[in-house]
Each structure stands twice: as C-alpha cells, then as structure tokens.
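I opened the notebook to look up side-chain contacts.

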Amino acid sequence: MLRMALALVFSLLLTPVATAQDVSGNAPDRSATGGAQTLEDIMARQRGEAVDDAFRRDNVGDPARNPGAAQLAPLGGASDPELWRALRYGSADLTTSARNGGAALLVQDGGMWWLTFREGPLATYGGYLLLGTIGALILFYLLRGKIGIDEPMTGRTVTRFKFIERMAHWILGGSFILLGLTGLFVLFGRMFIAPYLGKDFNATLLTVSKIIHNNVAWAFCLGLLMVFVMWVWHNIPDRTDIKWFAQFGGIIGKNHPPAKKFNGGQKIIFWSVIVFGTSIAVSGVSLLFPYELPLFAKTFAILNDIGAPGWVGLDPLPTVLSPQEEMQYAQLWHAIMAFVLMAIVLAHIYIGSVGMEGASDAMTTGEVDEAWAHQHHSIWLAEVLEEQRKTAGSEAKATPAE
C-alpha cells in the first residue's frame, strides 16, 4: 500500500512531465526561419507540449562543414549560439575545477514545469486543504461543542506526562509551527504578501524565514527522534483500538471507550507525525545538501524496477537527474508532505485545546485529574493506580517500626 501511495503521489507530481511527453504528430514548418525555432515552438513549450528540438540539439557547430572557418575565429566552425546550445543540451566538452555534480551544468531549463506546479496545483490544493481543515474544525465545534468531563472532578491528579516527555513534545510541536509558518511565507509570499505589503517587506520576511526554517529544522529532527524513542511502544496498535474506533472515541455520542496511555486516535496522530515528519526531515536535509544527499534518482530507479509508474499509466521515471532537478523534486515532495502533516496537526491542536476539556493540562503541568483520566484513558489510569499502590506498599514494609 505504501508503494502504491508513493507511486500515486508521484503520478500527480509528474503530471506536467507526463503531459509533455505526448508528442504531437506534425513538426511545424520552419522554412521561414531558416530552420530556427518558430513562435509555434515557443508557445508549444509554454503549454507543456513536447517539441522535437533535434533541429536545435544537433545544431551545436561542426567545423567539418566549413574547414576554412577555423582560421577566421577562435570558435572555428561553431558560433556563439551553437556553443550555448551545446551547453544547454549537455553536449559541450567542459572541464571544471569544482568536483560537485552540478558544476558543469551551466544551463538547466527543466524548472518551468516545477514552477508551474509549485504556483499552481501545489499552492492551490495545499491552501484548500488547510482552509478546508480549519473550516471543518470550526463547523465540528459549532455542532458538537467542547467535549466535557462527565464525572465530577476528584481533586486527585496523576502524572500524565513527565517533564522530559513534555519538553520533547513542545520542541517538536513548536519547531513544526515555526517551520510551517515560514514555509507558507516562502510559498505564498509572492502571491499574497508582496502585492499588499510591498516587495521590500516580502523580501525581508522571506530572508528571515529562510534563516529560521533552515536552523529550526534541526530542533524538529531532535524532537521527532525523542518522541519516537519515548512513545513508540505505547503506540503499537492493539485490540482496544478497535473498540475505540467503533465508538468514535467518545467524540460522537456519550460513550467513552477504554484506552491505554494513547487511544486509537492518538496513535494515528503519532504514526502520521513519525512517517510524514521523517519524510519531511529527510527531504529537507536533501535540500540543504543536494550534492551530498540526492534522493529521487535512486527512488525513481526503485519505482521503475517494481513497475510503479505503469500502475498509474506513466512512462518509466527519469533515473539520471542533475542536482537542480533533485532539488526541484525534493522541494515539491517536502511541501506536499508538509501540507498533509499541517492538516493533521491542526486537528491535534484543536482536540488538545478548545476541543476537549482538561486535555491541555496533560502537556502544560503534566498532571490530569483522575476523573479526566478515567473517562479518556481508563486502562492506563488503572495501571498507574496499581503501580502507586504497589510502590506505597513496598515503602510501608521498608519503614522500620519505632
């Protein structure tokens, strides 16, 4: 399922590329331009259609066509336009002092589909996802209201989360909020900030956002690791989750199914954060170090080997990518995963704040009333109280008689 989901996402991501592979039948008449490209060629490329550019790709200069030209100019039989065409199509003989993979790439014109996808489907559907999630949560609150505590408060509290757990949670949550906001500024700044607050303000905001984004990312990685290590064993699915989902977790209706330290809904949140967060972190590190950590050429090769592109009607994916192309794919994947996780986190923030009475205490003071714990995590509360009784009994036996 994970492979199929991955292939499906990539099919959406590569739609512009796949569209561009549909070559139209007849080549345009270039006699009027002496064999050079025409306006029709340019418009076709802007529409995302494939253009047979062999008339340009192969025209990179041939001194043999004009032997006498070698005596006329340093380029011999080749002109400046022919040299730049050779650079564009990767057929020029280049030597560079830098050793990274992108040093010899002077012209990379594959970024137009990336820009079109980024400013079109990515921004549009990503924005709709976040606004739709916020709207759905507001509507749910108006219909359901805050989930209250049915039992009277006991005045006795139990420790829900220790300090180290709360610290890990807030490192992860706080850094993700900063990363989400700065990422949205970068994506939507040109469209919504610059027209109203000015280009200078937008440029300053995005510069600061980039600095924050690149550095706070390491705190996110640390929080993600801490949360995984501390809570993974509590989030393994079990039979209690089936009953919890069958009763909608008590969110709909008045039933409050038993649950351990984390209920079924919290386990979904946990694994969503781990899976999507790890994908965001890895693609983000790849963006920071594109020459040292290219991801997509190898990933595409694996998907081709298992035939994933064919499942959704695509041709085999490219397996030879420049560092610039690696960054384009990584940025889109990074943003898509971030949009999905932001929508999930919005629901998590809602439940942990205005959506449920007493829920915020668990991640602020770490202490929750026994009535709240009994209503939402009765199995966990019974285990905690039993452990307290055992501890109290052991201490009583160890106390010497006076």
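I began with a group of rings. Trp 113, Phe 296, Phe 300 and Tyr 329 make up one aromatic cluster. I note that the model is predicted.

**Entry: aromatic pairs**

I searched the whole structure and got 13 aromatic pairs. I looked up Trp 113 with Tyr 329, two members of the cluster. Their rings are tilted, with 5.3 Å centre to centre and 45° between the planes. Trp 113 is in helix H6 (residues 111-144) and Tyr 329 is in helix H13 (residues 323-355), so this pair ties together parts 216 residues apart in sequence. Buried or exposed? Both Trp 113 and Tyr 329 are buried.

Next I took Phe 161 and Trp 231. This aromatic pair is tilted too, at 5.4 Å centre to centre with 45° between the planes. I placed Phe 161 in the loop between strand E1 (157-159) and helix H7 (163-197), and Trp 231 in helix H8 (residues 199-231), so the pair ties together parts 70 residues apart in sequence. Phe 161 and Trp 231 are both buried.

**Entry: a charge over rings**

Which rings have Arg 160 over the face? I found Phe 262, with Arg 160 at 5.8 Å from the ring centre. I also found Trp 380, where Arg 160 lies over the face at 4.9 Å from the ring centre.

**Entry: salt bridges**

How many salt bridges are there? I count seven. One of them joins Lys 261 to Glu 165, with the closest N and O atoms 3.0 Å apart. Lys 261 sits in the loop between helix H9 (239-246) and helix H10 (264-288), while Glu 165 sits in helix H7, so the bridge ties together parts 96 residues apart in sequence. Both Lys 261 and Glu 165 are buried.

I then followed Asp 238. Its side chain meets that of Lys 260 in a salt bridge, 3.5 Å from N to O. Lys 260 is in the loop between H9 and H10, and Asp 238 is in the loop between H8 and H9, 22 residues apart. Lys 260 is partly exposed at 33% relative accessible area. Asp 238 is partly exposed as well, at 24%.

Asp 238 also forms a salt bridge with Lys 267, the closest N and O atoms being 3.4 Å apart. Lys 267 is in helix H10, 29 residues from Asp 238. Why does Lys 267 count as buried? Its relative accessibility is 4%, and buried means under 20%.

Asp 238, Asp 241, Lys 260 and Lys 267 are linked by salt bridges.

Note on methods:
Residues are numbered from 1 along each chain as its sequence is written. This is a predicted model: local features need pLDDT of at least 70, side-chain atom pairs count only at pLDDT 80 or more; totals for chains, interfaces and linings use all residues. Side-chain values use heavy atoms; hydrogens and water are left out. Rings of Phe, Tyr and Trp (its six-membered ring) pair if their centres lie within 6.5 Å; planes under 30 degrees apart count as stacked, over 60 as edge-to-face and the rest as tilted. Helices (H or I, at least four residues) and strands (E, at least two) are DSSP runs, numbered from the N terminus. Buried means under 20% relative accessible area, exposed over 50%, partly exposed in between (1.4 Å probe, protein chains only). A charge sits over a ring if NZ of Lys or CZ of Arg is within 6 Å of the ring centre and within 35 degrees of the ring normal. A salt bridge is a side-chain nitrogen of Lys or Arg within 4 Å of a carboxyl oxygen of Asp or Glu.
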